[in-house]
Amino acid sequence: MDAAVERKAKIRKAGGGFVVEENVDAVKWPHECVVCGAAPMLTDDINLARKMKNVGQVRTQVKGIPYCETCFKKVKATRRLDMVVYILALVFGIPLGLFFTSFSANTPGTQFVCCGLLMVAGIGIAWLVFYLIIRFPVKSIFKDKFVEETVTASLNEITRLDGSQGFNVSISITRPEYAGKFNDLNEVEPEVPV
Ligand SMILES: [Zn+2]
């Protein structure tokens, strides 16, 4: 392979995290578990999808995040727990939102009912309840079975300096030692003061 065609991710620092402007598939990960620093046994990908106003549906992946086996099990356990809380929030939150909607529709003087907002409120309240009665106690009691996500990513819609529309990917790394190594390995551009 010709070295000249090697793709390089264009990354800059922003607000304590990283923003990948180009070639997210070429992001390099320091060869150690992102959570504990042990020798990595496997890698994980983060799938991102978002419908954007100007560029339409965007799908991309942050690939090859290294984990040791122990930490990956704990991360997966946390994801499963989050999924349980999320499903319960929907199952109980949607009827709650419908109840709010019908209640406000029957209240005299309510001219405009923002149905979507009341549904979101219902789901939000249900999520908070299950977070407090399930996720929080389970995680506190079985501390050594769970670990919070160290690497998170999101898609953002942007308008470039030349006025064109596009997107970039934010990556957040909560372990400072790893974030530092990631920074050096990818030759991240320092944050530009605004
Ligand atoms: Zn580990």
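This is a predicted model: local features need pLDDT of at least 70, side-chain atom pairs count only at pLDDT 80 or more; totals for chains, interfaces and linings use all residues.

Trainee: How far apart in space are L117 and G97, C-alpha to C-alpha?

Mentor: In sequence, L117 and G97 are 20 residues apart. In space, the C-alpha to C-alpha separation of L117 and G97 is 8.6 Å.

Trainee: At what angle do helix α1 and helix α2 pack?

Mentor: Two packed helices are described by the angle between their axes and the distance between the axes. Here helix α1 covers residues 69-106 and helix α2 covers residues 115-141, with their axes 6 Å apart. The angle between α1 and α2 is about 145 degrees.

Trainee: Is the crossing of α1 and α2 left-handed or right-handed, and how many nonpolar residues does their contact have?

Mentor: Where α1 passes α2, the crossing is right-handed. Sorted by class, the contact of α1 with α2 has 1 charged and 5 polar residues, and its nonpolar residues number 22.

Trainee: Is R80 buried or exposed, and how far in space is R80 from G122?

Mentor: R80 is found in helix α1. Because R80 has 11 C-beta neighbours inside 10 Å, R80 counts as exposed. R80 and G122 are 42 residues apart in sequence, and their C-alpha atoms are separated in space by 22 Å.

Trainee: What distance separates the centres of domain 1 and domain 2?

Mentor: The domain assignment of the chain gives domain 1 as 11-69 + 147-185 and domain 2 as 72-145. Taken over C-alpha atoms, the centres of domain 1 and domain 2 are separated by 27 Å.

Trainee: How many charged residues are on the side of domain 1 that touches domain 2?

Mentor: The contact between the domains takes 5 residues from domain 2 and 8 residues from domain 1. By class, the domain 1 side has no polar residues and 4 nonpolar ones, while its charged residues number 4.

Trainee: Which residues touch the most other members of the largest nonpolar core, and which elements each supply at least two of its residues?

Mentor: In soluble globular proteins, nonpolar side chains tend to be buried together. The largest nonpolar core has 24 residues, and those that touch the most other members are V20, V34, V62, Y67, C71 and I171. The elements that each supply at least two residues of this core are β2 (17-22), β4 (56-67), α1, β5 (151-159), β6 (165-173) and α3 (176-185).

Trainee: Which residues is Y67 in contact with, leaving aside its neighbours within four places in sequence?

Mentor: Y67 is one of the core residues that touch the most other members. With neighbours within four places in sequence left aside, the contacts of Y67 are C33, V34, V35, P40, L42, D44, F72 and V75.

Trainee: Is A179 buried or exposed, and how far in space is A179 from G17?

Mentor: A179 is found in helix α3. There are 21 other C-beta atoms within 10 Å of A179, so A179 is buried. A179 and G17 are 162 residues apart in sequence, and from C-alpha to C-alpha their separation in space is 8.5 Å.

Trainee: What is the phi of N23, and what is the phi of E187?

Mentor: N23 is found in the loop between β2 and β3 (42-52), and E187 lies in the segment after α3. N23 counts as exposed because it has 12 C-beta neighbours inside 10 Å, and E187 counts as exposed because it has 11. Neither is a glycine, yet phi is positive, near 55 degrees for N23 and about 50 degrees for E187.

Definitions and conventions
Residues are numbered from 1 along each chain as its sequence is written. Axes are lines fitted to C-alpha atoms, for helices over the stretch in contact, and angles run from 0 to 180 degrees between N-to-C directions. Helices (H or I, at least four residues) and strands (E, at least two) are DSSP runs, numbered from the N terminus. A crossing is left-handed if the near helix is turned anticlockwise from the far one by less than a right angle, and right-handed if clockwise. Ala, Val, Leu, Ile, Met, Phe, Trp, Tyr, Cys and Pro count as nonpolar, Asp, Glu, Lys and Arg as charged, and the others, Gly among them, as polar. Domain bounds come from an automatic or database domain assignment. Two residues are in contact if their C-beta atoms, placed from the backbone, lie within 7 Å. A nonpolar core is a set of buried Ala, Val, Leu, Ile, Met, Phe, Trp, Tyr and Cys residues joined through C-beta atoms within 7 Å. A residue is buried if 20 or more other C-beta atoms lie within 10 Å of its own, exposed if 12 or fewer, and partly exposed in between; C-beta atoms are placed from the backbone.
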